[in-house]
Amino acid sequence: MTAKSQTAAASDAVDPAELRAIFGENLRKLSESYSSVAGLCRELGINRTQFNRYLSGESFPRPDVLHRICQFFEVDARVLLEPVETIQPGGIDLLNHPVVAGFFGAGPVQVPMEIFPDGFYRFVRPSFIDDTQFVRGLVYISRADGYTFLRGYESRAALRSQGLSLKPRDREFRGLVMRQEEGIMAIVTHRDSLACSFNFLTQETSFQSNLWEGYVTRTVREKVTGRRATRMVYEHLGRDRRAVMEAARSSGLVPLDEVPQFHARLLRLDQDFR
């Protein structure tokens with residue numbers, strides 16, 4: 001039997017119901033970082049009922065819809081055939097490249113759950129642009145293929161005030177989280193961007209065990225107006241749906257009196273950032 005005929009025979013032996021189940025499970029895992037299925041469906045442009053049929057393994061998406069799903073989640077069509085955790089991009093693992101192996105290796109990459117657990121976090125920091133305003137937001141921390149990742153969306157209000165795009169693709173930011181001697185760091189950027197932010201956080205155990213304090217810096221040149229670096233506070237919400245939805249609704253630019261008191265205390269607003 002030729003290689004071509006073997007492939008055809010293997011394909012014929014696959015149960016369509018099994019393929020639908022694989023795709024449904026993959027889609028469920030890819031969707032875990034979204035607190036609202038309805039919101040995800042709107043961003044994908046897919047009917048909620050039809051999306052649920054994909055999740056349950058009742059049906060496959062049309063080729064154009066599959067293409068849209070693959071582009072959105074940045075995976076390829078193997079999502080129909082293989083468990084999503086096995087679909088990995090080819091090429092060299094940058095952090096273990098021979099030039100930097102031992103410098104950026106397993107130590108910094110491996111972030112134990114007890115140091116920085118998975119789930120949703122709400123954060124607050126002073127605005128980089130307006131000294132009277134504070135940015136409140138929501139990020140999701142997850143792990144895959146031995147790495148820890150950060151994902152979130154800029155608030156519409158903050159972008160609108162700067163005249164920037166409000167499209168979900170432009171609002172989204174992602175980052176890589178790594179372990180440091182006294183906490184964790186994250187390099188965070190937007191899609192196709194040549195700018196990023198550096199975030200450092202360490203757990204605050206004397207106040208509340210679910211709080212992390214630190215700072216964020218932007219990769220921009222120094223200016224007379226605006227900040228390049230400021231303190232920041234993270235509060236771990238886990239997967240508490242009610243708390244996550246409340247944090248999502250309250251995201252955006254807010255005055256000081258809308259910043260939780262325990263967050264404001266950790267921001268140490270009466271002290272210069274050093």
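**Exercise 1.** Is Glu 222 buried or exposed, and what is its relative accessible area?

*Solution.* Keep in mind that we're working with a predicted model. Start with the value: Glu 222 has a relative accessible area of 63%. Next, hold that against the cut-off, where exposed means over 50%. So Glu 222 counts as exposed, at 63%.

**Exercise 2.** Find the salt-bridge partner of Glu 222 and say how accessible that partner is.

*Solution.* The partner is Arg 228, and the closest N and O atoms of the pair are 3.8 Å apart. That passes, because the cut-off is within 4 Å. Now for accessibility: Arg 228 sits at 39%, which makes this residue partly exposed.

**Exercise 3.** Work out which parts of the chain the Arg 151 and Glu 172 pair links, and classify both residues.

*Solution.* First the contact: the closest N and O atoms of Arg 151 and Glu 172 are 2.5 Å apart, giving a salt bridge. The two ends lie in distant parts of the chain, with Arg 151 in strand 3 (residues 147–153) and Glu 172 in strand 4 (residues 172–180), 21 residues apart. Then the accessibility: Arg 151 comes out at 13% and Glu 172 at 5%. Buried means under 20%, so Arg 151 is buried, and so is Glu 172.

**Exercise 4.** Follow Glu 172 to another salt bridge, then to the network.

*Solution.* Glu 172 also pairs with Arg 174, with closest N and O atoms 2.8 Å apart. Arg 174 is partly exposed, at 28% relative accessible area. Through shared partners, Arg 151, Glu 172, Arg 174 and Arg 191 end up in one network. For the whole model, the tally is 12 salt bridges.

Conventions. Residues numbered from 1 in each chain as written. Predicted model: local features only at pLDDT ≥ 70, side-chain atom pairs only at ≥ 80, totals over all residues. Heavy atoms only, no water. Salt bridge = Lys/Arg side-chain N within 4 Å of Asp/Glu carboxyl O. Helix = DSSP H or I, 4+ residues; strand = E, 2+ residues; numbered from the N terminus. Buried < 20%, exposed > 50% of the residue type's maximum accessible area, 1.4 Å probe, protein only.
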